[in-house]
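Here is a friendly walk through a two-chain model, written for someone who likes to know the cut-offs behind each term. Please keep the viewer open as you read.

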Amino acid sequence: METILLLAHVETDGLLAKSARESLFAASALHTAIPGSNLFVALVGENVQAAADSIAACPAIKYFGATGAEFGQSRYATDAAAATALCKAAQATLVIAPATSRWNRVLSGVAQRLGGRVDSHVTGIAQIGGKPTVNRWYYRQRMEAVLGRTQRPWFMLVDPGSQPACDCGAGKAAVELVPVNLADVSRRTTVVGIREPKASAQTIRPDSPLLFVTGAGWTKKQADGQTHVPEAEKLILDFLNVTRASLGSSKSLVDLGGEGQAVLPFLSHLNQIGQTGATPRHAKGLSTCCHGEEPHTVGWRFIGERRAISLDPNCGWARGKADVLYVADAFAVISSVNALLAANP
Amino acid sequence: MNAYQIIVCGSIVPDPLQTLEPVAGAAGPALKNEMMLPAILDPWAGHALFEAGNLAKNAPGSKVWLVSLSPKAKLQQVMMTVAQKVPFELVALDGPASGFTEASEVAAALAGAIQTIPGLDKSRLLVFGGWESASRGAGVTMQMVGEHLGIADQFQGVDQLTVNPDGSLEILERIEGGKHQVSKCDGPPALLGWATGNLPEPKNNPQVGMANMRVVMPSLQKAKPVKLAGEGLTFAGVTLPKQLRTTRIVKDKSPAEIAQEIVQWIKK
């Protein structure tokens, strides 16, 4: 009999992130698909009661919590101790958790401690013949596998955005607090804070419906034989301001700075999509001045509708990857787009 | 600055410009013509190696090891380039570098190899690697290596490591929404899974390459064979996505007309 455990951490506001509710949806669906299975919930945080109450109407029959000031910080040593204690208390055989940066850091170590196995970047959970299976991608989103495992506990880190969020209602949950022995836990690491760009300079917006991808063409010589980097910078930032799109970039454009070439100062490796960048999930994507495989296959894997602006009508990477390819000068098109959106927001 | 023993874990992956196709092999899925595909050092592991080299350069007396589980013939080819980047000593394990191998078995093999390095001083030990690979792309192996080595101060998605005057480490890790978490660790031992970091790829230095290759070749010759059984792991299928979309090419419209169409699409 499988014991399915939704393992989540609470956010700084004491509640659950959307990604946790998505994992709860996957856990509930698997619980329904495997007759006789149990569904438990385990939460980690400074205080977990409000988070547990917020999902009290879900099919889980038991709630566990690891609470205390130590668990308010996202830190390997304390998180590993808490997650280990919770999985042991629940005697979990299948642990489903959101693939947040916090859990990505720690849960494979917990699987190791418990003699289990782990699969991350899970995009689907199902069952074949009553045995659970997961879908995940290999070789940077180039091929998709369906796999199963006999070892338990089996940790499944579910990629945010890959599942619907559980809309189960609130109520009153009875949380069983699990003691975590911190005596032997390293306290050599302290979380000092969060570093982020000013709100006006933040260009990465995971919740935006639109991803705007910039390629190296923005910094190359244009039809007049000159580069127009300041103009490109203004056009891109204006576009982001009026659309609230998230900004992605090809590797080549991000790397230009390291090669001493003209750069767009608001771009960093955090904006990079593709082979050594992110594979974000957005409903729509608009690429501009991109001519590589990375943004159009790897980086765009989970983009719904895709359009591209390029001067090359035969761009092999856009053709077959984008739904629409506009053969045009991105400077002129984006300038007009900005004007239209500014006039009719 | 104190001297460090920096161990970088990194394997090889197919050149990202290659077309990859899965095939069913006797021991599970594999890539078609896998041994024929040109290979590179895994990109994020490469960043970890460059960061290690830079740290070692700034902390006199430090030493860098590259521990790699790869088919040794392919690893030798990759070393011809990588060995020219930064000084290191190779510890080679001869085994598959496939993305379909089991991470826990890879971690056990890497940790075992690290533990055999003579003169290892845990109080000076920093274990580096890529936070994910370009093959399995799971981001789970390094943590298990750390568990095998008893390292409880671990960081993933690292973009910056600063050694403070008191020897403590300030580490920036990527978190959600384009932000970094800033942590302070008292010092080694620590494990860092690197994202891209801040350093450009070092230029090839033939002198570094010659010095490295004097150790690389003997290491490759005595590389211990590693079998990865993939126990308990079964693949129900590995498929390529349906990649091709029917692309509508728009080339006879003015920028203003295209802009109008894009605005309508964005607002839809």
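## Strand E8 of chain A and its neighbours

In E8(A), A:Val158 is the bridge partner of A:Val122. That bridge belongs to the parallel pairing of strand E5 (residues 117-128) of chain A with E8(A), which has four bridges. Strand E4 (residues 94-98) of chain A also runs parallel to E8(A), joined to it by five bridges, and here A:Ala97 has A:Leu157 as its partner. Strands count as paired if DSSP finds at least two bridges between them; strands (E, at least two residues) and helices (H or I, at least four) are DSSP runs, numbered from the N terminus.

How many of the five residues of strand E8 (residues 154-158) of chain A are buried? Five of the five are, so to speak, under cover, where buried means that 20 or more other C-beta atoms lie within 10 Å of the residue's own, exposed means 12 or fewer, and partly exposed is in between, with C-beta atoms placed from the backbone. In a regular strand the side chains alternate between the two faces of the sheet. On one side of E8(A) the buried residues are A:Trp154, A:Met156 and A:Val158, and on the other they are A:Phe155 and A:Leu157.

## How to read the model

This is a predicted model, in which local features need pLDDT of at least 70 and side-chain atom pairs count only at pLDDT 80 or more, while totals for chains, interfaces and linings use all residues. Residues are numbered from 1 along each chain as its sequence is written, and chains are lettered from A and ligands numbered from 1 in the order in which they are written.

## A sheet of ten strands

E8(A) sits in an open sheet of mixed pairing, whose ten strands follow the order E9(A)-E3(A)-E2(A)-E1(A)-E4(A)-E8(A)-E5(A)-E6(A)-E7(A)-E14(B). Its edge strands, each pairing on one side only, are strand E9 (175-177) of chain A and E14 of chain B. On average, neighbouring strands are turned by 35 degrees against each other, direction ignored; the axes behind this angle are lines fitted to C-alpha atoms.

Strand E7 (residues 143-149) of chain A then pairs with E14(B), antiparallel over six bridges, and A:Arg149 stands opposite B:Leu233.

The loop between E6 and E7 of chain A holds A:Arg142. Is A:Arg142 buried or exposed? A:Arg142 counts as buried because it has 24 C-beta neighbours inside 10 Å. Its C-alpha atom is separated by 8.4 Å from that of A:Arg301, 159 residues apart along the chain.

Chain A is assigned domain 1 (3-177) and domain 2 (199-343), with bounds from an automatic or database domain assignment. The centres of these two domains, taken over C-alpha atoms, are 35 Å apart.

Another open sheet has six strands with parallel pairing, in the order E12(A)-E11(A)-E13(A)-E14(A)-E15(A)-E15(B). At its edges are strand E12 (246-249) of chain A and E15 of chain B, and its neighbouring strands are turned by 20 degrees on average, direction ignored. Strand E11 (residues 210-214) of chain A and strand E13 (residues 282-288) of chain A are joined by five bridges, with A:Leu211 partnered by A:Gly285 in E13(A).

## Chain B and the interface

Chain B has six helices and 15 strands, and 49% of its 268 residues count as buried. Its C-alpha trace spans about 70 × 50 × 40 Å along the principal axes.

In the interface, 71 residues of chain B are in contact with 74 residues of chain A, contact meaning C-beta atoms, placed from the backbone, within 7 Å. H6(B) gives the most to the chain B side, with nine residues.

## Helix H1 of chain B

Twelve of the 16 residues of H1(B) are buried, so this helix is largely enclosed by the rest of the structure. Among the buried ones are B:Trp44, B:His47 and B:Glu51. The elements covering them include strand E1 (5-9), strand E6 (63-70) and strand E8 (125-130) of chain B.

Key:
Contact = placed C-beta atoms within 7 Å. Axes fitted to C-alpha atoms, helices over the stretch in contact; angles between N-to-C directions.
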